[in-house]
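Biologist: I have a structure open and would like to learn how to read its side-chain pairings. Could you take me through them?

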Amino acid sequence: MSPSLQEIGLAVKRLQWRHHREANRRLAEHGLSLVQWDVLRHLHQQPDATLHTLATLTFQTDQSMGTLARRMIERRLLRRVDGPGRATRHELTGDGERAFQAGSLVVESVLAETVGTLSEADRAVLHELLIRAAGPR
């Protein structure tokens with residue numbers, strides 16, 4: 001018998017919870033949370049991202065992203081830079097780049113223990129199915 005939609009949803013949630021819990025545990029050894037590493041990752045990939053864009057990419061409100069950015073600036077992981085017009089942008093500092101790289105190794109190791117155990121073909125199918133299920137943005 002095929003799994004129900006609720007069982008599939010729960011399996012996705014359990015995998016996500018395992019990833020988040022384990023990544024947060026391991027990232028703490030580097031002084032990071034998963035949310036902080038995610039901000040570093042997105043700024044590394046999109047150096048011109050606005051705070052609003054970062055909030056959207058990291059599943060936060062604009063207000064919580066602003067608070068997080070301030071804390072990350074205090075820790076010297078980010079710095080504010082002038083953007084076009086009145087816009088303020090943020091960029092990674094040297095410490096932020098190093099934290100991103102260290103965190104990337106941690107996150108990769110967490111994922112390797114779960115989806116990394118699947119064959120390359122199965123990972124490709126899983127990725128395609130998740131993208132399709134999430135639908136258009």
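Modeller: We will go through salt bridges, a strand pair, an aromatic pair and a loop residue. Keep in mind that this is a predicted model.

Biologist: Let's begin with charge pairs. How many salt bridges does the count come to?

Modeller: The general idea is to look for a side-chain nitrogen of Lys or Arg within 4 Å of a carboxyl oxygen of Asp or Glu. By this rule there are six salt bridges. In one of them, Glu22 and Arg25 bring their closest N and O atoms to 2.5 Å.

Biologist: Where do Glu22 and Arg25 lie?

Modeller: Both belong to helix α1, which covers residues 5-27, and they sit three residues apart, about one turn of the helix. Glu22 is buried because its relative accessible area is 19%, and buried means under 20%. Arg25, at 48%, counts as partly exposed.

Biologist: Which residues are linked with Glu22 and Arg25 in a network of salt bridges?

Modeller: Arg26 and Glu113 join Glu22 and Arg25 in that network.

Biologist: And which residue does Asp38 meet in a salt bridge?

Modeller: The partner of Asp38 is Arg41, with an N to O distance of 2.3 Å. Here too the two are three residues apart, about one turn, in helix α2 (residues 34-45). With a relative accessible area of 11%, Asp38 is buried, while Arg41 is partly exposed at 27%.

Biologist: What about Arg79: with which residue does Arg79 form a salt bridge?

Modeller: With Glu91, and the closest N and O atoms are 2.7 Å apart. This pair links distant parts of the chain, twelve residues apart: Arg79 is in strand β1 (residues 78-82) and Glu91 in strand β2 (residues 88-92). Both ends count as partly exposed, Arg79 at 39% relative accessibility and Glu91 at 31%.

Biologist: You mentioned two strands. In which sense do β1 and β2 pair, parallel or antiparallel?

Modeller: They pair in the antiparallel sense, over five bridges. To see how the strands line up, find Leu78, which stands opposite Leu92 in β2. The hairpin of β1 and β2 has five residues between the strands, and Gly85 in this hairpin takes a positive phi near 65 degrees.

Biologist: Now the rings. How should I describe a pair of them?

Modeller: A pair of aromatic rings is described by the distance of the centres and the angle of the planes. Searching the whole structure turns up one aromatic pair. Its members are Trp37 and Phe100, with ring centres 6.3 Å apart and planes at 10 degrees, so the pair is stacked. The cut-off behind that word is an angle under 30 degrees.

Biologist: Which parts of the chain does the pair of Trp37 and Phe100 tie together?

Modeller: Trp37 lies in helix α2 and Phe100 in helix α5 (residues 94-112), so the pair ties together parts that are 63 residues apart in sequence.

Biologist: Are Trp37 and Phe100 buried or exposed?

Modeller: Trp37 counts as buried at 6% relative accessibility, and Phe100 is likewise buried at 8%.

Biologist: Last, a loop residue. Where is Thr58 found?

Modeller: Look in the loop between α3 (51-57) and α4 (62-74). Thr58 is buried, at a relative accessible area of 6%. Its side chain makes a polar contact of 2.8 Å with the side chain of Gln60.

Biologist: Which residues is Thr58 in contact with, leaving aside neighbours within four places in sequence?

Modeller: Those are Asp38, Val39, His42 and Met65.

Terms used. Residues numbered from 1 in each chain as written. Predicted model: local features only at pLDDT ≥ 70, side-chain atom pairs only at ≥ 80, totals over all residues. Heavy atoms only, no water. Helix = DSSP H or I, 4+ residues; strand = E, 2+ residues; numbered from the N terminus. Buried < 20%, exposed > 50% of the residue type's maximum accessible area, 1.4 Å probe, protein only. Pairing = 2+ DSSP bridges. Phe/Tyr/Trp six-rings, centres within 6.5 Å; stacked < 30°, edge-to-face > 60°. Polar contact = N/O pair within 3.5 Å; in protein donor to acceptor, adjacent residues only side chain to side chain. Contact = heavy atoms within 4.5 Å.
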